[in-house]
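Work through the exercises below with the sequence and the 3D structure in view. Each task is followed by a solution in steps.

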Amino acid sequence: MAKIKVKNANFIKLPIFSNYPHGDLGVGEIKKNIPFAIKKFYFINHMFDPKTIRGRHAHKKLQQALFCINGSFELHLDDGYKKQRILMNDPSSGVFLGAKLWRVMKKFSRDCVILVLAGDYYKKNDYIRDYESFLRYVKNKTK
Ligand code: T46
């Protein structure tokens, strides 16, 4: 597994209990694998347009854990100083996304299913959807 180079992110490795050909069972536990209390989960699927690009934003405070539980996609992270591309194609290998990380998700396989665990409810004001504003925010020029 490659190393995470950007700030405020980490890989999350989940144990998988495999019972071929009867299926795999992956487990995540708060504190053990997931470093925050989960208030919400959501999933993203059916990205049938190969040109689909999702994300293109950062969060001021929200912490999330992201798992590609089927198929694959590319996760591009940017902490304002460093950038990193992560191929998400392993359900047992998720990514913790802390605050102040610009994320772009693209190149989804047709069968891609993403599971996201979030540390808070939906707050529109927590999103930074403009890249220049994000850079100013991380460099502490604006609040
Ligand atoms: C993130 C990445 C990984 C809600 O109404 N409630 C919610 O809890 C969420 C997460 C979204 N929405 C609405 C807001 C938009 O109208 O769902 C619609 C799609 O959301 P968005 O364009 O933000 O989707 P993505 O895939 O670009 O981003 C999502 C999360 O919003 C974001 O926090 O980090 O997944």
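**Exercise 1.** Is Asp120 buried or exposed?

*Solution.* The model is a predicted one, in which local features need pLDDT of at least 70 and side-chain atom pairs count only at pLDDT 80 or more, while totals for chains, interfaces and linings use all residues. Residues are numbered from 1 along each chain as its sequence is written, and side-chain values use heavy atoms, with hydrogens and water left out.

Step 1. Buried means under 20% relative accessible area, exposed over 50%, and partly exposed in between, with a 1.4 Å probe and protein chains only.

Step 2. Asp120 has a relative accessible area of 19%, so Asp120 is buried.

Step 3. Asp120 forms a salt bridge with Lys123, and their closest N and O atoms are 2.7 Å apart. A salt bridge is a side-chain nitrogen of Lys or Arg within 4 Å of a carboxyl oxygen of Asp or Glu. Salt bridges with shared partners join Lys39, Asp120 and Lys123 into one network.

Step 4. Lys123 has a relative accessible area of 46% and is therefore partly exposed.

**Exercise 2.** Asp79 is buried yet has no salt bridge; which side chain of opposite charge is nearest?

*Solution.* Step 1. Find Asp79 in the loop between strand E7 (73–78) and strand E8 (83–88).

Step 1. The nearest side chain of opposite charge is that of Lys7, 5.3 Å away. For charge, Lys and Arg count as positive and Asp and Glu as negative; His and the chain ends are not counted.

Step 2. Turn to the backbone. The side chain of Asp79 reaches the backbone nitrogen of Lys7 at 2.7 Å, and a polar atom of this side chain lies 2.6 Å from the backbone nitrogen of Lys82. A polar contact is a pair of N or O atoms within 3.5 Å; within protein, one must be able to donate a hydrogen and the other to accept it, and residues adjacent in sequence count only if both atoms are side-chain atoms.

Step 3. Leaving aside neighbours within four places in sequence, Asp79 is in contact (heavy atoms within 4.5 Å) with residues including Val6, Lys7 and Lys100.

**Exercise 3.** How many Å separate the C-alpha atoms of Asn8 and Gly98?

*Solution.* Step 1. Asn8 sits in the segment before strand E1 (9–13).

Step 1. Asn8 and Gly98 are 90 residues apart along the chain, and their C-alpha atoms are separated by 4.8 Å.

Step 2. A polar atom of the Asn8 side chain lies 2.9 Å from the backbone oxygen of Ala99. Asn8 is partly exposed, at 39% relative accessibility.

**Exercise 4.** Where do Pro21, His46 and Lys100 lie?

*Solution.* Step 1. Most residues other than glycine have a negative phi, and most peptide bonds are trans.

Step 1. The peptide bond from Tyr20 to Pro21 is cis, with omega near 0°. Pro21 lies in the loop between strand E2 (16–18) and E3.

Step 2. His46, although not a glycine, has a positive phi of about 60°. His46 is in the loop between E4 and E5 and is exposed, at 55% relative accessible area.

Step 3. Lys100 is not a glycine either, and has a positive phi of about 55°. Lys100 lies in the loop between E9 and E10 and is partly exposed, at 32%.

Note on methods: Helices (H or I, at least four residues) and strands (E, at least two) are DSSP runs, numbered from the N terminus.
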